[in-house]
Amino acid sequence: MTRRPWRRTFVAVAASAALVLTGCTGTEGAQKSSAGSGMIDFLNYGDFGGGTTPKANYNPYLDATKLSAADYIYESLMNVETYSCKAIPWLATAYQWSDPKTLVYTIRSGVKWNDGQPFSAKDVEFTFNMLKKFDVLDTQGVWTSLASVKADGDEKVTFTFKQPGASAFTQVSGVKIVPQHIWSKVADPTTFVNATAPVGTGPMKLKSFNPRQLVVERNPDYWQADKIKVNEIRFNKADAGGQVEQLKLSRGEYDTNAMFVQNIKKAYVDRDPEHHHYWYAPGGVISVYMNLTKAPFNDVGFRKALTTAFDDKQVIDKAQLGYVTQASQSGLVVPGQKDWLPQGLADDGRIGYDAAAADKALTDAGYAKDSKGRRLGKDGKPISFSFKVPGSYVDWVAAADILIKNLQALGITVSKDTPTPDANNQDRATGNYDMTFGVFGGGCNMYANFSDPLNSARTAPVGKKAASNEIRWQDPKTDELLHTLQVSPDEKAQKEAVAGLVDIMMNQVPTIPIWYGAKWFQYDTTKAEGWPSAQDPYADGGNGLVVLTHLVPAGS
Amino acid sequence: MLYFLRRTGFFVATLWAAVTLNFLIPRLQPGDPAQALLARLQGNTQAVNPAQLAAIRKMLGTHDGNLLSQYWDYLGAVVHGQFGVSYSYYPYSVTAMIATALPWTLILVGVTQIASFAIGTLLGAWAAYRRNSRVDSVITLGSTFVGTLPFFWIGLLLIFVFAITLNWFPDGGGYGGGSSPSWTWLFFSDAFQHSVLPALALLITGPVGWIIGMRNNMVQTLGEDYARLARAKGLPRRRIALTYGARIAILPNVTGFAIALGGLLGGTVLVETIFNYPGLGRLLLEAVSNKDYPLMQALFLFTTIGVLIANFLADVTYGFLDPRVRRAEAT
C-alpha cells in the first residue's frame, strides 16, 4: 500500500504549518504604552495616502501622491487652521503689509532642519523661487499673483505682488518650506520622491516605511519640542471605509481616524463611550446650483422663494445621518467663520424650511398654480426641469430625493437624472443642467470662497467649460466687491466686502446652500487627550500639525 | 506546417486588434484623471481648489495632438516596452508599479491555480473511477454546491470566522505592518500567514470546474470501446482508469488550464480586493477607478497578451497532440 506514507507526510506537513502559524501571530506590534513618563509611546493613525500600493514619496508639493509623513516633516510660514481660519505663527513669527503690494514676514530664529543645519529666510526665498521655476509644484497658485520673493538678511522675507495682493495671504502662508541645501541639488524637483531621510523643520522625522505601515518619530530638536508629547505616530494602510476598517476602529485599534462610518454612535461610540468620540467639523458648502442662464432660475423672485422650500432638517437627518449641519445662506461656514458675518443676520443666515412661505413667495413672484395644481412659469406653461445628481453618491441622491419631493409639493415637475460623477462634473462645468449639487467655499481664503463660484471672470458661456463659476453668475456689483476683497489688506475693508457678498447671497440668491460637507474625524482618548472637539474647536481634525501640538498623555 | 503558419498569422492579427482596442477604450470614457486624483484625496465634501487642479493637470501632462499621432506614439512605446509614468503613483513608472505587484499575484494565484488544477483533476478522476458510488455523489454534489456560492461571500465568511472571530489569521494585506518585504524567514512566515485565507478561498472555489470537467470527460472515455476492450482483456481497474481513461480525458482540461493561467490577472481582482492583497488585480481596479490610463493600458495589455499567448500555445499543442486538427484546418 503506497498510500499510507503519503497520508502521514501530509499530516506532518499540516502540523508543522500549524506550528509556524501559531508561533508567529502577533507580529503587528502589541507593545503597551508606558505611562508616567509624560510622553505617549506611540499613536495609531489611519491611512497615509498613496493608494493601495503606496510607494515612498515625501515631496510636499506632490499633493495627489505624497504620503502623510510629509505633513509632519514640512512646515509653512503660518499655519492657517481650517476651522475658524486663525493664522497661527509658525515658521514666521509675524507678518506685515508694508504697502498693499508688499508683504513682509519675520522668520522665526533658532529653527533647525532635522539634519542639524540652521533654517533661515534664504530657504524661504529659495522655496518660492523653485515653485516659480517648476510651476507644476505650485499647487496653491501663488505665482499667479506674486511678482518676486526676496530674503532680506536671515530674518525677513519680502513678497511683492503684481497687484495689491491681500487675498493671496493664506496661499503664500501655507506653502511648505524646503531646505535650500538639499533641494538646490535636485535636478528635477517635480519627479523627486525624497524617499530617504527627508529633511524638514517639522516635529516628526521619518522612521520607517513599508506599504502597510508608515512610521514617523519625534524630532527632539524641533523648535517647539516642549509641545510634542508623542514619540511615534504609526499610520496604517487601510482600504478606505471598508467593513474591516470599521471593525478595527470599533475595537479601538486606531487612536484617530478620518473615515465614514454608517452608524457612528452604535458602531464606535457605544463600544467605549468613555474614550471613543467623534467630531465632524463642517467643510465645503454643498449647495443647490441652478442654471442661471435658464428660466425660471434667471429670476431672483423664483430663486428667493426656493430658499424656504427645502426641508434641510430631513436632508440632514435622513440623507446625511445627522452628521452634518444646516448651511447658512450667506455662503460662509458657521459657526467657524462667524466673525466674518455682518451684524444682525438672523440665525447666522440659516433660512428654515417653510413650505407655505415658499408657496406664497412663488405666487407673489408671478408663478401661480393653475387649476390642476401645477406651478406655471412666466410663459404660462407648467414649470418642469431636471435635477442632476451623481448616481453613485448615495447620500447626495437621497438628499436630492427629498429636495425633489419638496419642489413637487410646490407644484413643480422635477425629474431626477443620475449620471456618473464624471459626466455630472462635465455637465456642471459646461452648464448642461437645470438644477444640480455643487460644492464651494469652506476654505480660509475668503476671496477664493466667493470668487470661485461667483466671479464673472471665472465663468464661460453655456457649452464651454467654466473655470469654477458653474452657475454662471454675472453681476458687476459682485465683481466690484470681489475686487475690494482681493486687494485690500485692511481687515475692516475686507469684512465690509464680505458683508456685501453675504448680502448678495442672501438677497440675490445665486445659489442655495443646503448643508456643510462633514470632515470625518474619530478619536480615542485611551492613550492621548487634547483632541479638538465641538467643545474645544481650536482646529479641525484635519489640521494634523496643530492637533499634534495639543496632544498630551491621557490622565495628565 | 501551413497549420502553424495560419495560427501564427491569426495570433498576430488578434494581438494588433487587442493593442488597438486597449488604446481606444480608455480614451472613450468620460472623465478627468486630475479630478479623480483630487477626489481620492478629499472626497466630495470639499470644494475643489482650481489652482491645485491646474497644477495636477500640468503634472500629469495632458494628452495633446490628434488621436492618430497619439496612437502612433503609443504603438512605438508598446513595441519598446515603455509604458510611461503612472498617474495615481506619480512620479513612479508603470513598470515599477507592475514589478511591485507582480510577484504577489504570481505566487498567490499561480500556486493556487496549479493546486486547484491538480486537486480538481484528481478528485474528478476519482469520482469517475468510482462513479455512482458514495464518493462520486459527495464529490459531484459537493463541488456543484460550492460552485453556486458567490466567491466574495466565501471570502468574507473566511475573514469573519478565521480573522475576526477566531483571530487565527490576519484580516487582509500581503504582510503585517511590522515587517518589510525582505529575504528573511520572518518576512516569509508573515507573508505566508497573510496568504493562507486568500489561498484557502481560491482553493475552495478553484477546483470546482476542473472536478466537473474531468469527471464528465472520464466517464465518457471509460465508456469508449477501447476501455471496454481493456476491461475484457482483464486489465486491472486502476490501470484502465489511469492509462485509458484519465490520460485522454485530461486533454481538454490542459487546454483550459493554459487559458486560465493566461487570464490569471482578470481572475485576481476579486480575491485581491476582498483580502486587500497587494497584487496586480487590486492595482488594476485602482487604475480603473483613478483613471490612471498608463497603468490601465499596461495591465490590460499584459492580460490580453497573456490570454493570446496561452491560446496560441494551446492551439499549437493541440496540433501536435491531435493530428486530426491539423488535417481539418489544412483542407
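Colleague: Which residues does B:Asn217 touch, not counting residues up to four places away in sequence?

Modeller: The model is a predicted one, and a contact here requires heavy atoms within 4.5 Å. With residues up to four places away in sequence not counted, B:Asn217 touches B:Ala249, B:Pro252 and B:Asn253. B:Asn217 itself belongs to helix H9 of chain B, which spans residues 207–222.

Colleague: How far apart in space are B:Asn217 and B:Arg282?

Modeller: The C-alpha atoms of B:Asn217 and B:Arg282 are separated by 35 Å, and the two residues are 65 residues apart in sequence.

Colleague: Let us turn to the interface. How many residues does each chain bring to the contact of chain A and chain B?

Modeller: Chain A contributes 53 residues and chain B contributes 55 residues. Between them the chains bury about 4,500 Å², and 57% of this lies on carbon and sulfur atoms. Of the area that chain A buries against chain B, 14% is supplied by A:Thr53, A:Lys55 and A:Arg212, more than by any other three residues.

Colleague: What polar and charged pairs are found across that interface?

Modeller: A salt bridge is assigned when a side-chain nitrogen of Lys or Arg is within 4 Å of a carboxyl oxygen of Asp or Glu. By that rule there are 2 salt bridges between chain A and chain B. B:Lys58 forms a salt bridge with A:Asp135, where the closest N and O atoms are 2.9 Å apart.

Colleague: Which elements of chain A each supply at least two residues of the side that touches chain B?

Modeller: They include helix H1 (3–23), strand S10 (204–210) and strand S19 (511–519) of chain A. Helix H12 (421–430) and strand S18 (435–440) are also among them. By residue class, the side of chain A that touches chain B consists of 19 nonpolar, 21 polar and 13 charged residues.

Colleague: How should I read the strand pairing in chain A?

Modeller: Look at the direction of the strands and at the partners across them. Strand S8 of chain A (residues 156–161) runs antiparallel to strand S6 (residues 102–107), to which 5 bridges join it. Within this pairing A:Val104 has A:Thr158 in S8(A) as its bridge partner. Strand S7 of chain A (residues 146–152) is likewise antiparallel to S8(A), with 6 bridges, and A:Asp152 stands opposite A:Lys156 in S8(A). The hairpin of S7(A) and S8(A) has 3 residues between the strands, and A:Gly153 there has a positive phi near 75°.

Colleague: Where is positive phi found in a residue other than glycine?

Modeller: One case is A:Asp347, with phi near 50°, in the loop between helix H9 (312–319) and helix H10 (355–364) of chain A. Another is A:Arg472, with phi of about 65°; A:Arg472 is placed in the loop between H13 and helix H14 (476–487) of chain A.

Colleague: Which residues are joined by a disulfide?

Modeller: The disulfide joins A:Cys85 to A:Cys444, with an S to S distance of 2.1 Å. The angle about the S-S bond is -80°, and the link is left-handed. A:Cys85 lies in the loop between strand S3 (78–80) and strand S4 (87–89) of chain A, and A:Cys444 in the loop between S18 and helix H13 (446–454), so the pair ties together parts that are 359 residues apart in sequence. Over all chains the count is 1 disulfide.

Colleague: Finally, where are cis peptide bonds to be seen?

Modeller: The angle to inspect is omega. The bond between A:Ala295 and A:Pro296 is cis, with omega about 0°, and A:Pro296 is in the loop between S15 and helix H8 (300–306) of chain A. In chain B, a cis peptide bond joins B:Tyr90 and B:Pro91, with omega about 5°. B:Pro91 is in the loop between helix H4 (67–79) and helix H5 (94–129) of chain B.

Key:
Residues are numbered from 1 along each chain as its sequence is written. Chains are lettered from A and ligands numbered from 1 in the order in which they are written. This is a predicted model: local features need pLDDT of at least 70, side-chain atom pairs count only at pLDDT 80 or more; totals for chains, interfaces and linings use all residues. Side-chain values use heavy atoms; hydrogens and water are left out. Two strands pair if DSSP finds at least two bridges between them. Helices (H or I, at least four residues) and strands (E, at least two) are DSSP runs, numbered from the N terminus. Buried area is the accessible area (1.4 Å probe) that two parts lose on being put together, summed over both. Ala, Val, Leu, Ile, Met, Phe, Trp, Tyr, Cys and Pro count as nonpolar, Asp, Glu, Lys and Arg as charged, and the others, Gly among them, as polar. A disulfide is a pair of cysteine sulfur atoms within 2.5 Å.
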